[in-house]
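The sequence and structure are shown first.

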Amino acid sequence: MENNTEMESNEKLLILKSQYPQFFDHEGAFQFEQFKDYLYNANIEHSMETFSLNFVGKEYAKLLSDVETDTVVTPLTNKEIEQDLNSKNTYYIGDNLHVLKHLRHSYENKIDVIYIDPPYNTGSDRFSYNDDFLFSLEELTEIVGNEEKAQRILDLHGRSSHSAWLTFMYPRLLLGYKLLRNTGVMFVSIDDNEQTNLKFLLDELFGESNMIANNTVIVKTEGRRYGYFAKTHETLYAYAKDAELVQLREVPKVDNTFDYFDENGGYDLQGLRNRNAKKFNITNRKNLYYPFYVNSDVVDEYGFMPISLEPVEGWEEIYPAKTNGNQSVWRWGQGEGEKARVEFHNLTAKRSDRGQIQIYQKKRSETEPQKTLWQNKAFTSFRATRELEGYFGTSEYFETPKPISLLERVLEISPAKKDMIILDYFSGSSTTADAVMRMNAKDHLKRQYIMVQLPEEIPEDKLAYKDGYRTLDELGRKRIRLAAEKINEETKENIDYGFRTFEVRKAPILSLDQVVDFSVQVAEQISIGFNAEDYVAKYDYKGINGVQTLLATWLLRDGYGRLAKAAEVKLGDYTAYQFGKRLYLIQEGLISDNVVELLKMIDNKTLNVRNVTAFIPSMRFDELRELDIALRTRKGISLEKRVE
């Protein structure tokens, strides 16, 4: 607990130090009072508002996001399916909280788009809070300050209250936030049951100013026929880490008609003044405040007037208008290329209904920004059920699937680049994976997906169970296979149709875990006795050798990613594994001759490593000590000892 609290504190200090190094002394201590003076003297706007989201379990939820996972990652990729072996797509079976913790080591600030469709907590969706509690009542009391509050947190287990839902969502959204790129976007679907609470939660984690849109999606055109109103919609939130850095793409215009025409064709108007004067104004964007010059004596049939960046005698000088006391600015800066820019972008001037001259850009694009009302039959729940019927012959396998077109639109408007990573950690029916493959077949951007799904058991009275499916992830993976076949058949495009499968599960309990106040030194002292058992074999699972589980887990932990493949290195009759400049010693049987061979390869430079990572339970003390002493004499090579 203390280690994780310290980790969270250090992480925040590192962020501060990267941006404000001048407020840290020579010992690395943060100079808080000097920082406060800096903010005050810089006239930084601040709010005295004390409104915040509080709920039973919030302190515990924060702690839960930072506690290291006690799970391991086992690769289950079927080697008989050739398209999976080199696929860059991945499907994780397991609790998404633990999967996200594994991914964070390799993918912090690297995910381009996140879409999630979490439990709506409707009462009929079977949501209940079932995360494992890591602390006893006494330990939790020490964390939160009093026993009554600690007991209330423990009582959340198995509940479906708003507090239980928020405690469930908080660490999962926080970890998603940490994985997201600064230029990335997170989309979250929700209905009215938790929509307000989700908004508060996202505002707290991302910041209110980083909400890109509160979208309304029409999911049932005729409405749900119960209650006082026929409910037709759900909400789709879009948030960014930094809204200023995000570049969303436009969508094709529905009618593709224009309001105005000239010798170059049709166009619409878009005001040049930045409408968000509260955020972008003369105090922080002085370079965007400058005049245009307009000839108001010459007006064409549309009411447009000639415009210039240079002063012209008799022409009116036009600056961006003030809004609610804020001096607004233009969307473009003034520079050497502005004359060409005016000509290229076809700027013009026109009087508003109030008689004020305003500057406009002639927009000739056949695309437009996505509207916040998503109204299309392709986005409805009915379409989603028909799509599943097309795959499985029935729509009964999934209760609330999302339609493919909805996820295609999410990807269509998201920032685009090759090899971008799309994450869905409530993947359910795997619509996101389906949409990724379809979009790749259309625009060849080679998006990669990461799907995460809890192996939720299917009740015996359900049709899916009767048809041979036992867990929800089985259905999700089957849907991807069926979609891949259909897309390949329809498009004939050579895209990535496969995926690698991993299962995240509890780490086996080793005998040394029962040692009170265990440390690596204790492990070394008693490691002679470890070899009575094959500790690596305890990680064996579903026919997969335990070495592969430890390798997959460690490669993610060490920042090499989910696709990394370690190469075998022979040390005589002992097999080690290398990725980059790190060598892993995992399996049993390392003897002195193998250590000598390792040192020889390092010395004659046939093996280039900077780190040797050893699985302590499989090592004998004598060989471990020999290796430790020898590596200390070799500059730049460290020995890292791990017990899990």
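In this predicted model, the lining of the second largest pocket divides by class into 15 nonpolar, 15 polar and 12 charged residues. The volume of this pocket is about 1800 Å³. Its lining comprises 42 residues, of which A243, N274, N276, K279 and F280 are the closest to the pocket centre. Strands β5 (211-218), β9 (265-271) and β18 (367-368) each contribute at least two residues to the lining.

Across the whole structure, a search returns one cavity of 30 Å³ or more. The largest cavity has a volume of about 30 Å³, and its lining consists of S189, V217, V219, E234, T235, L236, K402 and L406. Strand β6 (residues 233-240) provides the largest share of this lining, with three residues.

The class composition of the two linings is set out below.

| Space | Volume | Lining by class |
|---|---|---|
| Second largest pocket | about 1800 Å³ | 15 nonpolar, 15 polar and 12 charged residues |
| Largest cavity | about 30 Å³ | four nonpolar, two polar and two charged residues |

The helix contact involves α8 (residues 162-179) and α9 (residues 195-206), which pack at an angle of about 35° with their axes 10 Å apart. The crossing of α8 and α9 is right-handed. On the α8 side, the contact is made by H162, W165, L166, M169, Y170, L173, L174 and Y177; on the α9 side, the partners are N197, L198, L201, L202, E204, L205 and F206. By class, the residues of this contact are 12 nonpolar, two polar and one charged.

Technical notes: Residues numbered from 1 in each chain as written. Predicted model: local features only at pLDDT ≥ 70, side-chain atom pairs only at ≥ 80, totals over all residues. Heavy atoms only, no water. 1 Å grid on protein atoms, 1.4 Å probe; cavity = no way out; pocket = protein on both sides within 12 Å on 5 of 7 lines; lining within 4 Å. Points joined across faces, edges and corners; volume = space filled by probe spheres on them. Helix = DSSP H or I, 4+ residues; strand = E, 2+ residues; numbered from the N terminus. Nonpolar A, V, L, I, M, F, W, Y, C, P; charged D, E, K, R; others polar. Axes fitted to C-alpha atoms, helices over the stretch in contact; angles between N-to-C directions. Left-handed = near helix turned anticlockwise from the far one by under 90°. Contact = heavy atoms within 4.5 Å.
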